[in-house]
Amino acid sequence: MDGIKISLRDSSDGEVIARDWRTNELVRIVWSKGVISSREAGVVGAPDGLWLLPPLIDIQVNGFAGVDFQDPSVTEAEMEKAVAGLKSSACGGCLVTLVTDDWTSLLGKLKQLVALRAENAALREFILGWHLEGPFLSSEEGYRGAHSGEFMIDPHSGHLDAVQAIVGMEPLLMTVAPERRGAIETICEGCCRGIRFSLGHSAAGPPTVAEAIGAGATGITHLGNGCPQMWDRHNNWFWTVVDCKGLYVGLIPDSIHLPAPVFRGMHRALAGRHQVYYTTDAISAAGAPPGRHGFWPHWLEVGGDQVVRQPGRSNFSGSALCPLEGVLRAARMLGEDWQQAWSRFSEVPARHVGMDLNLTVGVPARFCLVRSGPRNEVKEVTLQYSRLWPQTDHQLFLRVVRPRHLRWRPRRTREQKREIGQRNNLEFLCQYEQLWYA
Ligand SMILES: [Fe+2]
């Protein structure tokens, strides 16, 4: 990001005229006490190349700026440092992510992070919710990636009780492998409770994936990663996902996890079927200089090329990518305008976790202003991040939307789930399922 000026502005009152990134028309936004008080379209007088966009949202952050969220001894000051680092990359909110660990220790770490967030207004406003990536994943070598196979367990409703006893009704995303015993029932029950489910680190075949989608799973976690180097050429996770429809599919746009030709190919394969979103899957090395970085309980070496590996292993362990850099790399790999890539790192992941980033009257004045040059190259990025008065939490920052499929519903039979799968345009998978079970 050499040559790009990045700044943070937290004025509680102000006004700006800029070009709406979606409609391309000039709009005037006025905010007072941190909340947008008016939005007017069709105005004149904006300087050329000043764009108004929602902030970037990262729904899978394991650590940042030298701070490891997996470390049970992480402090409030360290969390503030990580948040400041993310803000300096145009990021306006994240889901703090905890990866596979012994279940009791994982709950302990979650409890500690929830307590830190509850006591600190800056953390409350920035941390939008939680993402548990494990321990309900495949323990098979390759599929488990860098996760510890020894801690993998089958999910059940008691696990949901335990997590919700800690996070309450705060946004919660869980990545699960649907082939684990009890996973479909847990997804079904979790969705009724308002939890979002994403499928990943999984060796499941099409029938099981269809069942998981029918049960309410809405996403795929970092497609192209958390999978073996060698696959069956036909029966593999990638084709299973491509064959489904209507999911939020996460990609890591660092050009390392997915080289440019693969990244482009995935967009082409997923276009029109799924909504692609981006995430950094960042560990503490992101936004920090190269060197030795913690990914508790391991140490990882990160070189100048930003590749993050466990010593002695070939698979990647998270990334050292910053959100803004992710947008720019994605646009470069796809040969498209950065405005298009921006959407996949802001409103799309926000929608995946049930949030709405529309900059309308009554929502907090948190947005990005991007100044671009004559060739639409990014010159300057400002994150306007108004502190709210009185202090409140993210509920005001993002209007939490509860989509239809997450409203309460009774327990479903296998036949009912199959019907839902069909309604979700999964006819092929359901036919496949019939063949599978025949
Ligand atoms: Fe992962």
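**Entry 1: β14 and its neighbours**

I looked up the pairing of β14 with strand β15 (residues 275-278) and found four bridges in the parallel sense. Strands here are DSSP runs (E, at least two residues) and helices likewise (H or I, at least four residues), numbered from the N terminus. Two strands count as paired if DSSP finds at least two bridges between them. In this pair, Tyr248 stands opposite Gln275 in β15. From β14 I followed the chain through helix α8 (residues 260-270) to β15, a right-handed β-α-β crossover. By right-handed I mean that, with the strands pointing away from the viewer, the path from the first strand over the helix to the second runs clockwise.

I note that this is a predicted model, in which local features need pLDDT of at least 70 and side-chain atom pairs count only at pLDDT 80 or more, while totals for chains, interfaces and linings use all residues. Residues are numbered from 1 along each chain as its sequence is written.

I then turned to strand β13 (residues 219-220), which is joined to β14 by two bridges and runs parallel to it. Gly219 stands opposite Tyr248 in β14.

I checked burial along β14 (residues 248-251) and found both faces covered. Tyr248 and Gly250 are buried on one side, and Val249 and Leu251 on the other. I call a residue buried if 20 or more other C-beta atoms lie within 10 Å of its own, exposed if 12 or fewer, and partly exposed in between, with C-beta atoms placed from the backbone.

**Entry 2: helix α9**

I compared the length of α9 (residues 323-334) with expectation: at 1.5 Å a residue its 12 residues should span 16 Å, and the end C-alpha atoms are 17 Å apart, which agrees. The expected span is 1.5 Å times one less than the number of residues. Nine of the 12 residues are buried, so α9 is largely enclosed by the rest of the structure. Among the buried residues I list Pro323, Leu324, Val327, Arg329 and Met333. After α9 comes Gly335, whose phi is positive, near 65 degrees.

**Entry 3: the seven-stranded sheet**

I traced an open sheet of seven strands in the order β1-β21-β20-β5-β2-β3-β4, with mixed pairing. Leu50 stands opposite Arg371 in β20.
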